[in-house]
Amino acid sequence: MTILATDDATTTDDALGTSAARTRSAVLERQIHENPGRFRVLTGDRPTGRLHLGHYFGTLHNRVRLQDLGVELFVIIADYQVLTDRDVADNLTGHVEELVLDHLAIGVDPERSTVFTHSAVPALNQLLLPFLSLVSVAELNRNPTVKDEIAHSRQSAVSGLMFTYPVHQAADILFCKANLVPVGQDQLPHLEITRTVARRFNDRYGAVFPEPDALLSGVPLLLGTDGAKMSKSRGNAIALAADADETARLIKGAKTDSERHISYDPAGRPEVSSLLLLAALCQGRAPEEVAADIGSAGAAALKRTVTESVNEYLAPVRSRRAEYARDRAYLRRVLREGNERARAVADATLAEVRTAMNSHY
């Protein structure tokens, strides 16, 4: 996820409500450990390519953690939202199966969590219509994440789907009455629109929806191998599906700097620090400790350390992924059963919405 940049980080935090969200997230973490059954989480990804280490440490690892604590987890594969910033959804079936594979490999359990696709749940998408009536064009125009998506869009013109993306995301979250959404700070404006939609619907028609809370990730941003944001589209990411040799090649080509002594300094040495952070996350240590071990051995030693750490950490994930990949029928069954569960939930919510709006005929 993109973290919005500014010359003044404090101003950005204030503008996005990040400081308050961090405080609230700390409270939520305590409540999750005390009573995980009171929470339902909605999270997910667009099927646009292979998931990578930025996804894993930013969100995927947290999904499994919440599931294992006993939180009810819904994972949406947002196939309709692929069309927000491109004219054609290329190889959609393949990308959807790859996302299912990645989630199974990291430990998402389809017996305890629901994995489903947008297009298979008509009632979810039908919620978009009444929800759009609750927000203004001006509110959508002001959304900073939409502005960023539009600026980086592959399309020559902005589609209506792109413009309504935050409200579609509100339907994703509210169809299952999720009350907790793990996000990066750039997604806070989207979640605020969801909260606004829920509040306005409840005020107008009666209490139906919770106002979901944001659970902010505590993991700092991992940079790609070129020193920019790690991204599927930029070719600078280490995919979960990459083998050990591909991982070694990508890390060997990663951008560093000319200083031989290795130190953890995210502001002054972002590329070196991102590599140290990656190794530290894999080792379960502080990046400063990893840097101290390498000392003045230079960038080559740093890259060897990162390569060994990543390959050792991902070995069991890759083994499970290869095993699941041999049984495509099982992948389709996981998705079919997840779609059925999601449809039942969405149908019940839509029926409740129709009753509240007095639109049962």
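Two strands pair if DSSP finds at least two bridges between them. Strands (E, at least two residues) and helices (H or I, at least four) are DSSP runs, numbered from the N terminus.

This is a predicted model: local features need pLDDT of at least 70, side-chain atom pairs count only at pLDDT 80 or more, and totals for chains, interfaces and linings use all residues. Residues are numbered from 1 along each chain as its sequence is written, and side-chain values use heavy atoms, with hydrogens and water left out.

**Strands E1 and E2**

E1 and E2 pair in the parallel sense, over six bridges. Val-41 has Leu-73 in E2 as its bridge partner. With helix H3, the two strands make a right-handed β-α-β unit. Right-handed means that, with the strands pointing away from the viewer, the path from the first strand over the helix to the second runs clockwise.

| Element | Residues |
|---|---|
| Strand E1 | residues 40-45 |
| Strand E2 | residues 72-77 |
| Helix H3 | residues 53-69 |

Buried means under 20% relative accessible area, exposed over 50%, and partly exposed in between (1.4 Å probe, protein chains only). Helix H10 (residues 165-174) is mostly covered, with ten of its ten residues buried. Among them are Tyr-165, His-168 and Asp-172.

In helix H14 (residues 287-294), the buried residues are Pro-287, Val-290, Ala-291 and Ile-294. Seen down the axis of H14, they fall within an arc of 100° (taken from the directions from the helix axis to the C-beta atoms), so they line one face of the helix. Ala-292 and Asp-293 are exposed on the other side. The buried residues pack against helix H13 (270-283) and helix H15 (298-325), where contact means heavy atoms within 4.5 Å. Gly-295 follows H14, and its phi is positive, near 55°.
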